[in-house]
Amino acid sequence: MDVSHKLILVPTPIGNLDDISKRAFSALENCDAVYCEDTRVTGKLLAAYSIKKPMFRMDENLIARHVEALVERINSGETICYCSDAGMPGISDPGSRIVAACRKAGVEVEVLPGANACLLALVASGFNSTHFFFEGFLPKKKTQKSLRLQELMALDCPVVVYESPNRVLDTIRAIKEVDSERPVCAARELTKLHEEVIVLPATQMLSAFEKKVENGTCRGEFVLVIEGCPTITNSDSQTELLDEAREFVNELVECGVPKHKVRELLIKHFNVSKNKAYELSI
């Protein structure tokens, strides 16, 4: 493996240390230094495999100050590895900014494949994964979170969000307020000894998590996968939805609602394309 003169993004296990790949192990073993979100977390990983390398913290707050020095080290002939605390660097962590800075400076970047909580939870959910939307972390404020969930849950594909144990109950409650029957997958402690994956309608999921909070078992980092909104184009009950949409149009027209407004409401309430909304409105 050629590990000279480049930045290597190294995915790390999200729980089970056995998930580290041979290529990741080789990169860490042969590089000149390791930059990471938290030297304590990455230090435990290196110690587990008896790898001794200089480590430097490079979290969100330190990138602006230190990324130029990182680029200079690579240009001087060093190979630098960057690790997230867990999973794929660049996904909901500072890795993407480091890669952008290196690309801009003309530095070679190599990305190794590896563990990723988003994809693991998506597959475990059993939802249609032909395409999906990765949101990462939702806004913390209640109103902003609610508005964002309304937008996300109108999509016709699964939506993946990350959540902490302190906020997961509020997030599930917000999901339930948008659509109480929408199936939700909650995955925690993925790849670890106490891994848990639950798939329930939002109302039942909320009840389950209220019990978890009550008995003190709501622990670990969570991945929530929200099933996509059924649409006219992919629903098994296409004919029924079309009939409902036409009836909706007729009622609006009888009330004197302009056709452009009818199309806007069709898109909002039935999640149809602009072309389909136009067709139905005429």
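Modeller: Let me start with a term: a salt bridge is a side-chain nitrogen of Lys or Arg within 4 Å of a carboxyl oxygen of Asp or Glu. This is a predicted model, where local features need pLDDT of at least 70, side-chain atom pairs count only at pLDDT 80 or more, and totals for chains, interfaces and linings use all residues. Residues are numbered from 1 along each chain as its sequence is written, and side-chain values use heavy atoms, with hydrogens and water left out.

Colleague: Thanks! What makes K212 and E196 a salt bridge?

Modeller: Their side chains meet at 2.9 Å, N to O, and the cut-off is within 4 Å, so the pair qualifies. K212 sits in helix α8 (residues 202-215) and E196 in strand β9 (residues 196-201), so the contact ties together parts 16 residues apart in sequence. Helices (H or I, at least four residues) and strands (E, at least two) are DSSP runs, numbered from the N terminus.

Colleague: Why is K212 called buried, and why is E196 called partly exposed?

Modeller: Buried means under 20% relative accessible area, exposed over 50%, and partly exposed in between (1.4 Å probe, protein chains only). K212 has 11%, so K212 is buried. E196 has 23%, so E196 is partly exposed.

Colleague: How many salt bridges does a search of the whole structure find?

Modeller: The search finds 19. One of them joins E110 and K6 at 3.1 Å, N to O. E110 lies in strand β5 (residues 109-111) and K6 in the segment before β1 (7-10), so this pair ties together parts 104 residues apart in sequence.

Colleague: Why do E110 and K6 count as buried?

Modeller: E110 has 16% relative accessibility, which falls under 20%, so E110 is buried. K6 has a relative accessible area of 5%, so K6 is buried too. Both residues also belong to a network of salt bridges that links K6, R23, E108 and E110.

Colleague: What makes E135 and R148 a salt bridge?

Modeller: Their side chains meet at 2.9 Å, N to O, and the limit is within 4 Å, so the pair counts. The two link distant parts of the chain, with E135 in strand β6 (residues 133-137) and R148 in helix α6 (residues 142-152), 13 residues apart. R148 has 24% relative accessibility, so R148 is partly exposed.
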